[in-house]
Each structure stands twice: as C-alpha cells, then as structure tokens.
Amino acid sequence: MTDLDFFNKVVCLRKLDQPAALATAIRTRGSTPRKTGTKMLIYLNGQIEGTIGGGCGEAEVIEEAYNVIRKKLPTHYTVDLTSGILYEDGGICGGTMDVFIEPICKEG
C-alpha cells in the first residue's frame, strides 16, 4: 500500500465513521523494528493495515488502540523493548518506540 493509498483509506474511514485508530511511531531510540513515521491502522474487529514492527510491541499498541477507539481520545504510548526474558539474549530489538495513537472519527 502506498502512502497515498494509506491516507485515502484514513479519509474513507472518517467519512464512513468506521471505528478505527491510527498509530504512528513518533520517535525511536536504539534498535527498533521500524523507524519514526511508520504507521498502522487498527480496527475494533482486530484487523490491522500496515505494521509498526510486529511482535509483542505491536500487540501492546493494538491493545492500547482499542482503548483509544472506545474513548475517542488520542494517547501517547511507549513500547519498551529493552527488558524481559525474550530481550536479554540480544537476539531481538533492544530500543524504545514512542507511538502516537489517535482515533479516526467522523468530522463535525
């Protein structure tokens, strides 16, 4: 999906008033699966479009996105990939990623 296709999808969701959230990586530090500017759409039915890197960090963002959709309030969420049993062997990412999650709501 191109960036234009992605943003057209956001506009369409807003016009249709389909509940969804847009997650955007706004800052990364250290080793992360994706970098600043990465975007993902999350729907209440569990469907996603795009990715912010997959794995446990993405699952945390999806879970937080459900809250954003229900409350219709944006939030800042930090994915910390620096600790935990799966991170200690150095085989996977070891950084942090700040993600802005915003609801996609009908205008007006």
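Biologist: On what basis are the values given?

Modeller: In this predicted model, local features need pLDDT of at least 70 and side-chain atom pairs count only at pLDDT 80 or more, while totals for chains, interfaces and linings use all residues. Residues are numbered from 1 along each chain as its sequence is written, and side-chain values use heavy atoms, with hydrogens and water left out.

Biologist: Which pattern does the protein follow along the sequence?

Modeller: Helices (H or I, at least four residues) and strands (E, at least two) are DSSP runs, numbered from the N terminus. The protein has 2 helices and 5 strands. Read along the sequence, their pattern is α-β-β-β-α-β-β.

Biologist: Is Glu49 buried or exposed?

Modeller: Glu49 lies in strand S3 (residues 48–50). Buried means under 20% relative accessible area, exposed over 50%, and partly exposed in between (1.4 Å probe, protein chains only). Because its relative accessibility is 14%, Glu49 counts as buried.

Biologist: Which side chain forms a polar contact with that of Glu49?

Modeller: A polar contact is a pair of N or O atoms within 3.5 Å; within protein, one must be able to donate a hydrogen and the other to accept it, and residues adjacent in sequence count only if both atoms are side-chain atoms. At 2.7 Å, the partner of the Glu49 side chain is that of Tyr43.
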